[in-house]
Every structure is written in structure tokens, then in C-alpha cells.
Amino acid sequence: MTDIAAFHTLLRGSPRILAIVGAGLSASSGLPTFRGAGGLWRNYESTSLATPGAFARDPALVWLFYAWRRHMCLQVDPNAGHTALAALAKARGGDFLCLTQNVDNLHERAGHPTDRLRHLHGRLFDVKCSRCKKTEYNTDDPLVPALAPASADFADGENPLLDPSRPVPKIATSELPHCSACGGIQRPGVVWFGENLDSRMLREVDAWIDAKPVDIVLVIGTSSVVYPAAGYADRARTKHTKVVTVNLDPETEAAEPGDLVYVGDAAQLLPELLA
Ligand code: BJW
Ligand code: ZN
């Protein structure tokens, strides 16, 4: 692992910084990651539920998964890593941009200026009509009465919804959230596999990257296997940009030879690195 002083030297001489953030940053706050040990919900791989096909087949199951994640998100707090990034964003202003793959709202709740933040994969509390695309921000918990099983708190943490040996609560499609404008079924306002990211957002990000040289790309708590998010570090390595990875896993595929690599909990390392 590179020593922290090396990063402080780099940081002092680096005006423009791009951060790419993944689920590992919110892991210390108590939110699960997608891959590895934390990536199972009941006996489903989280990534298998994050698809348009899963929603088409079983919207109630997918809604219960997202309702549980909304509830979890509302129970936890941003950690010192979110706060350190928010402070960097305030200090650097227009010379800093954070691209988060996380759909939680922990960056914002840590005070991250929203104009220095892009949610590449959407937002957990956006609820979008599948038919007319009308999107509303809604933090109701439960979102509709039928999703209450995902919002129940149990003293011992043993929510039966999370026990794969128990049946999934039966919910009729008519009881799921529906659009107030057109009556279509609503879905979480997130980006699933095979779906396009917001093209205007991607153009704005490219314009920011192309406007002036980026000195550092910080790759924080992500496995870097999902594109186009993973491509930003790939592109940076072809230029004179230093790529710095912060990851709990010493063998992470996110790091490449030549990167500065910091191994550990992002919630602990970021405050030290960005001090
Ligand atoms: C810690 C830690 C601690 C743990 N501290 N670290 C080019 C090549 C190949 C394929 C493609 C390509 N371009 C597009 C594709 C297809 C696809 C893709 O990338 N597939 C790959 C998997 C192969 N991409 C898409 O479909 C995207 N759409 C698109 O590109 O449209 C155009 C197109 C379509 C089809 C073909 C070609 C072009 C959309 C991607 C949407 C991803 N959606 C999800 C769900 C979002 C909603 C939700 O949250 O439910 O996004 S999937 C999931 O993965 C989620 C995450 O944001 C994303 C990334 O995961 P992340 O954050 O990296 O989490 P983990 O769990 O993987 O890693 C956690 C890391 O943290 C680990 O490294 C730990 O070690 C570390 N860690 N604790 C520090 N305390
Ligand atoms: Zn609608």
C-alpha cells in the first residue's frame, strides 16, 4: 500500500479531481454491496434483481427488494468518508466532480454540494412511471401499504422478509405504486443492467473531463466491473492522470499497475487522505 504522505503531496499539486464512487463507501454506514458476501438478498444475487427482466417477471419481488433498501437507507447515516468527499467538493468547487454509482442519498446527507455530484445509476428515492416516465422524489416508508413488510423493524434484526425459507409476501400488482398522471406501474428510478444512463448527464461529465486536464481520478469502494462507470479510470490511465484506488480488498480488480493503492475501509481512509 502506498503511504498517505505520497497522496498528500500529489493532492497539493493537483487542481482537478474526479471521484468514482461505489457501494464500498456506503458499506461502513451499513448498506450492503452488490458483489461478494454482502450481495445476497434472500437467496437472490442483488445484481439479478437489478434488471428490467426481473421487474417484468415479478414486479412485487423487485419492489420488495428496493423497498427494503429504501428502508435501510433511511435507517443509516453518512460516514466520515462521505463527509470527507463533501468537504473536498466544497473546497475545490468546479475543479471537483463526484460520479457516484450509489443510489442512496448519503452523499447529499453528508452535505455534498449537489452540483458537484452525479448519480450515474439513478436514485433510490426517485419513483418513475414505467409508461409515461414521470418521476417523483418520494421518501415515504413504506411507499405504499403493501410494501410494509420491507419496512418492519425487528428488535433482533430478524425480518422474516430476509429469511429465504419463508415465502415472499404475496402482493397484487394493483397494490404496487402507480403513476398519478397515467396510472402506469411505477418502478424505482434507478438504472438497471442493459438500460442507458442519462445521456445528458454523460455528455455533461464528458464536457467537464475534456474542459481541462484531470489530475487525479479517485476510485473509491467499487469493483469497477460495471460500465460505463469503470471506463472513466480506464480512460484516465491513457492520459497523464494519476489513478488512486481506495478499496477494502487488496486484490481488487479496480487497481492497475502504476496506480496509487490504498487498502482499507474508505470511511477511515478518506478522512486521512483528504485531510
Ligand atoms: C470497500 C468497502 C469499504 C467493500 N471500503 N471498499 C462494456 C463492456 C462490457 C459490458 C458493458 C460495457 N458497456 C456496458 C456494458 C453492459 C453493462 C455492464 O457493465 N456489464 C458488466 C457487468 C459486464 N452495463 C450496463 O448495462 C449499463 N448500461 C449501459 O451501458 O447501457 C448501454 C449498453 C447496454 C448494453 C450493452 C452495451 C451498452 C448500466 C449499468 C447499470 C448498473 N446498475 C446497478 C444497479 C443500480 C440500481 C441499484 O442500486 O439497485 O448498479 S448494478 C450494480 O453494480 C449497481 C452498482 O452501482 C454497480 C457497481 O457496483 P459497485 O458499486 O462497484 O459494488 P460492488 O459490490 O461490485 O463492489 C464493492 C467494492 O467495494 C468491492 O471492490 C469491495 O472490495 C469494496 N468495499 N467495503 C472500501 N468499507
Ligand atoms: Zn405515468
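Let me start with Pro142, which sits in the loop between strand E7 (135–137) and strand E8 (186–190). Strands here are DSSP runs of E with at least two residues, helices are runs of H or I with at least four, and both are numbered from the N terminus. The peptide bond from Asp141 to Pro142 is cis, with omega near 5°.

Some housekeeping. This is a predicted model, in which local features need pLDDT of at least 70 and side-chain atom pairs count only at pLDDT 80 or more, while totals for chains, interfaces and linings use all residues. Residues are numbered from 1 along each chain as its sequence is written, and chains are lettered from A and ligands numbered from 1 in the order in which they are written.

A cis bond also joins Tyr227 and Pro228, with omega about 10°. Pro228 is in the loop between E9 and helix H9 (231–237). Ser224 belongs to the loop between E9 and H9, and its phi is positive, near 55°. Is Ser224 buried or exposed? It is buried, because it has 22 C-beta neighbours inside 10 Å; the cut-offs are 20 or more other C-beta atoms within 10 Å for buried, 12 or fewer for exposed, and partly exposed in between, with C-beta atoms placed from the backbone. For background, most residues other than glycine have a negative phi, and most peptide bonds are trans.

Next, the domains. The assignment, automatic or from a database, gives domain 1 (1–31 + 78–121 + 197–275) and domain 2 (32–75 + 122–190). Their C-alpha centres lie 28 Å apart. In contact are 10 residues of domain 1 and 12 residues of domain 2, where contact means C-beta atoms, placed from the backbone, within 7 Å. On the domain 1 side, helix H2 (residues 23–27) gives the largest share, 3 residues.

Strand E9 (residues 216–220) and strand E10 (residues 242–247) are joined by 5 bridges, and Val217 has Val243 in E10 as its bridge partner.

Methods: Contact = placed C-beta atoms within 7 Å. Pairing = 2+ DSSP bridges.
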